[in-house]
Amino acid sequence: RRKKPSISFNGCSWMMVFHLGAATALVDRLGYEGVEHIRLCGASCGSLVAVALVARVDMGAFRAFVFDMLEVAQTRFFGPVGCMTGFVEGGLRRLLPAGSHKHAAGRLRV
């Protein structure tokens, strides 16, 4: 039996835009059906990208969320410290389709 390939998105907020580009390229190249055959791993902001792929979140909507998050962080002296949890939770509630947890079973490592 052939093992599924894995892709891991690391936890560096500076790499978020790179991860977003890689995720968009995967969807463009393979479609969400093709991405279903890949195990996805993520740490910190990389886990957001992995979750978006597993849940089949529209990459355009996810991109808007990422850039909104960056814009909020730029306006604060300490960046996202103190506000990121609420911002991420709100974004996930808005972006994740109902029942998306079913797609994650056995495919997502955070």
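The answer below turns to one helix and its surroundings.

A: This is a predicted model, in which local features need pLDDT of at least 70 and side-chain atom pairs count only at pLDDT 80 or more, while totals for chains, interfaces and linings use all residues. Residues are numbered from 1 along each chain as its sequence is written, and side-chain values use heavy atoms, with hydrogens and water left out.

Helix 3 spans residues 59–74 and includes leucine 70, and methionine 69 is found in helix 3 as well; helices here are DSSP runs of H or I with at least four residues, numbered from the N terminus. Methionine 69 has a relative accessible area of 10% and therefore counts as buried, a term that means under 20% relative accessible area, whereas exposed means over 50% and partly exposed lies in between, with a 1.4 Å probe and protein chains only. Leaving aside neighbours within four places in sequence, methionine 69 is in contact with Met16, Leu48, Met84, Phe87 and Val88, where contact means heavy atoms within 4.5 Å. The C-alpha atoms of methionine 69 and methionine 16 are separated by 11 Å, although the two residues lie 53 residues apart along the chain.

Leu48, one of those contacts of methionine 69, is among the buried residues of helix 2. Helix 2 covers residues 45–54 and is mostly covered, with ten of its ten residues buried. Just after helix 2, arginine 56 takes a positive phi of about 60°.

Leucine 70, by contrast, counts as partly exposed because its relative accessibility is 32%.

How values were computed. Helices (H or I, at least four residues) and strands (E, at least two) are DSSP runs, numbered from the N terminus.
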